[in-house]
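Welcome to this short tour. Keep your viewer open and your selection tool ready.

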Amino acid sequence: SRKYVVQTPFVGEPNKSNFKIVEEVLPAIAENEFLAEAAFISVDPYQRMKLGATFPCDMIGGQVAKVIESRNSEYPVGSWVMGHFGWRTHTITKPENEKFCGQKPYLYKLPDFGDLPVSLALGVCGRVGNTAYFGFKEICQPKAGETVVISGAAGAVGSHVGQIAKILGCRVIGFAGSDDKCEWLVKELGFDYAGNYKTTNLADFLKETAPKGVDCYFDNVGGEISSTVLSQMNNYGRVAVCGAISGYNETDPEKRKATMVQGYIVGKQLKIEGFQVNRFADRTIEGINQNLKWVREGKLKYKEHIYEGFESADDAFIGLFRGDNIGKSLVKVK
Ligand code: NDP
């Protein structure tokens with residue numbers, strides 16, 4: 001088995017010297033255990049923030065794996081599982097060992113994906129898809145005809161939220177970091193407008209594209225972009241704070257403080273709520289099945305940014321913070 005070890009804490013942008021691949025000899029499996037072989041490994045921004053405080057440590061992360069040996073009848077050889085096993089090629093485990101973020105066991109057999117690739121269990125039909133589905137519907141409480149703004153719009157979560165907003169009859173505006181990404185959002189995914197935050201004055205752009213103001217904001221990035229959006233929200237607007245990637249690599253503690261514009265929140269009586277998808281852990285399969293249905297009906301499109309080979313996981317991770325990916329970033333193990 002091979003696994004990624006994080007040797008030193010990330011300071012600023014993650015880089016290759018933070019990581020090392022280590023070989024491990026696994027023991028024989030015991031009663032109730034199974035051995036799973038990774039097919040796809042997930043690469044996500046939260047991994048930057050959620051590592052433990054001691055180094056070296058094993059790299060965390062979800063993966064889609066196939067059971068290749070088993071002494072557990074619930075997980076027979078050949079079953080596909082989604083588990084938070086970390087960045088490793090082979091894993092011996094049993095269900096009661098699997099916890100994620102201190103919560104209940106987080107391991108499940110994949111629902112029937114039919115002809116669709118199992119890699120979708122890391123993206124549109126997995127935790128990412130559920131972040132979009134529950135985060136947007138439950139926190140933003142969108143209504144048809146409302147104007148929705150999404151930051152980080154061409155990423156895995158953002159591109160999904162925008163499409164759900166269109167399915168629900170909203171006007172949708174996305175911000176992303178390149179013209180190509182913006183073109184994809186409008187031409188392929190049906191966003192009404194998309195603006196490149198690196199080259200566009202977002203305040204002016206919003207005044208033009210949302211002349212009646214913003215009702216819902218799904219925030220993936222935080223920082224200045226979010227201050228601009230909040231300032232143009234309507235009274236009683238709803239903000240789902242999903243992530244704040246613009247600050248994840250910031251080393252200056254002063255700059256890390258988000259520019260929260262309290263005046264707008266009070267004046268417009270906004271409802272701003274942070275959430276973690278784990279809150280909806282009990283409804284995991286419900287979210288997956290809804291997203292699977294939309295994918296099958298052609299209502300929900302997805303892009304996977306697939307890096308080939310286990311050794312490319314560190315590059316994939318570094319690329320997230322440079323905006324290299326469109327849609328879900330993941331690694332095909334072999
Ligand atoms: P993405 O696929 O969106 O990948 C990250 C993207 O972030 C990049 O492609 C890049 O796109 C953008 N980005 C990077 N740096 C910056 C910056 N400084 N300013 C603005 N944008 C930047 O990742 P995910 O969809 O997996 O995650 C999106 C957000 O959702 C993250 O903040 C993540 O932490 C959060 N999240 C939260 C969960 C929850 O339970 N609350 C669960 C899952 C994710 P671009 O080219 O547009 O800059």
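Which residues have the most contacts inside the largest nonpolar core? Select Ile41, Phe136, Leu185, Phe218 and Val331, and you have them; the core has 86 residues. A nonpolar core here is a set of buried Ala, Val, Leu, Ile, Met, Phe, Trp, Tyr and Cys residues joined through C-beta atoms within 7 Å. Before moving on, note that this is a predicted model: local features need pLDDT of at least 70, side-chain atom pairs count only at pLDDT 80 or more, and totals for chains, interfaces and linings use all residues. Residues are numbered from 1 along each chain as its sequence is written.

**Around the core**

Now select residues 127-140, helix α1, which gives the most to this core, with seven residues. Helices (H or I, at least four residues) are DSSP runs numbered from the N terminus. Domain 1 and domain 2 each supply at least three residues to this core.

Next, pick Phe218. Beyond its neighbours within four places in sequence, Phe218 is in contact with Gly135, Phe136, Cys140, Val148, Ile150, Val161, Ala240 and Cys242. In contact means that the C-beta atoms, placed from the backbone, lie within 7 Å.

**A stop at Ala165**

Go to helix α2 (residues 156-167) and select Ala165. Is Ala165 buried or exposed? Ala165 is buried, because 30 other C-beta atoms lie within 10 Å; the cut-offs are 20 or more for buried, 12 or fewer for exposed, and partly exposed in between, with C-beta atoms placed from the backbone. Leaving out residues up to four places away in sequence, Ala165 touches Phe136, Pro142, Val148, Cys170 and Val172.

**Two packed helices**

Select α4 (residues 202-209) and α5 (residues 223-231): they pack at an angle of about 35°, with axes 10 Å apart. Axes are lines fitted to C-alpha atoms over the stretch in contact, and angles run from 0 to 180 degrees between N-to-C directions. Leu202, Ala203 and Leu206 of α4 meet Ile225, Thr228 and Val229 of α5.

**The two domains**

Finally, colour domain 1 (2-123 + 303-332) and domain 2 (127-277) separately; the bounds come from an automatic or database domain assignment. Their centres, taken over C-alpha atoms, are separated by 28 Å. Where they meet, 14 residues of domain 1 are in contact with 16 residues of domain 2.

How values were computed
Two residues are in contact if their C-beta atoms, placed from the backbone, lie within 7 Å.
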